[in-house]
Amino acid sequence: GFIQFIVRADESLIKLIETSIYAQYSSVEFTEIEDYAARISNEDLENGVYDMWGAEYVLDQKLHFPIRTYPYFEHIFAKQFADPLTAVFETMNDLKPGEQLWFQIGILPAASSWQAKGVQKIQEIAGGGGKKTGIFGRLVGVVAGEAKQILSETGKQSLGTEISAFNSAENAQAGQVNFQGMLTPDKEPLVAAIQSKISRPGVSVRTRIAYVAKSEVFSQARA
């Protein structure tokens, strides 16, 4: 199979995207192409020329719960990175003529409501009673404040638009949590992970995978 990385974006963002990719991969080459999906028409699917299978990835938990990011795919002792896309790439490499596998990630700016819910979840885990005292409460307040600033600046720089940040009045109050005793060991990692996630700017993401092939070579095993 032949693997390509394709980016579809607003024309005003193309130069920013190219520069960002060049910064990490200096030998990369960019080529403008036609929409690959347009090559498969609805008529071809209806007439049985092509067959198609697809699925969309969804989260098991709410948006403020942490997901595994690149630091968690590195082996602690060997310091080797285990790429989570290896299995997908291996399947792509094994494709035969007439087969296509699309792995699509759609990204858009997101509102900040998911972060406010993260602060509320930390309150629930900590058993907060709404009081405005306590070291942990002040810490969460700082996290919320930093997130607000980061959201605004990152949105302007990377997405060409300002991402709406926390409502300062509501979330400043929500961020002040009072600990009623220490967190149990099983709760500490979760709270730390939620804190880490809500302190960063968020984007709305939809991830899907689609297998498209001519009917005579379509493989049920791949679907």
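Below are a few stops, each with something to select and something to look for.

**Stop 1: the whole chain.** Keep in mind that you're looking at a predicted model. Show the cartoon and colour it by secondary structure: the protein chain has 7 helices and 3 strands. Next, colour by burial. Of the 223 residues in the protein chain, 24% are buried.

**Stop 2: a pair of helices.** Select residues 113–126, which form helix 4, and residues 188–198, which form helix 7. How do you describe two packed helices? You give the angle between their axes and the distance between the axes. For this pair, the angle is about 160° and the axes lie 10 Å apart. Angles over 145 degrees count as roughly antiparallel, so helix 4 and helix 7 are roughly antiparallel to each other.

**Stop 3: a nonpolar patch.** Switch to the surface and select Ile 105, Ile 107, Val 203 and Val 205, which make a nonpolar surface patch of about 340 Å². Which elements give two or more residues to this nonpolar patch? They are strand 2 (99–109) and strand 3 (203–214).

Stop 4: Finish by zooming in on Val 203, found in strand 3. Is Val 203 buried, exposed or partly exposed? Its relative accessible area is 40%. Buried means under 20% and exposed means over 50%, so Val 203 counts as partly exposed.

Technical notes:
Residues are numbered from 1 along each chain as its sequence is written. This is a predicted model: local features need pLDDT of at least 70, side-chain atom pairs count only at pLDDT 80 or more; totals for chains, interfaces and linings use all residues. Side-chain values use heavy atoms; hydrogens and water are left out. Patches are made of residues with over 30% relative accessible area and no salt bridge: like charges are joined within 9 Å, nonpolar side chains (Val, Leu, Ile, Met, Phe, Trp, Tyr) within 5 Å. Accessible areas come from the Shrake-Rupley method with a 1.4 Å probe; for residues, only the protein chains shown count as cover. A salt bridge is a side-chain nitrogen of Lys or Arg within 4 Å of a carboxyl oxygen of Asp or Glu. Helices (H or I, at least four residues) and strands (E, at least two) are DSSP runs, numbered from the N terminus. Buried means under 20% relative accessible area, exposed over 50%, partly exposed in between (1.4 Å probe, protein chains only). Axes are lines fitted to C-alpha atoms, for helices over the stretch in contact, and angles run from 0 to 180 degrees between N-to-C directions. Angles under 35 degrees count as roughly parallel, over 145 as roughly antiparallel, 65 to 115 as roughly perpendicular and the rest as oblique.
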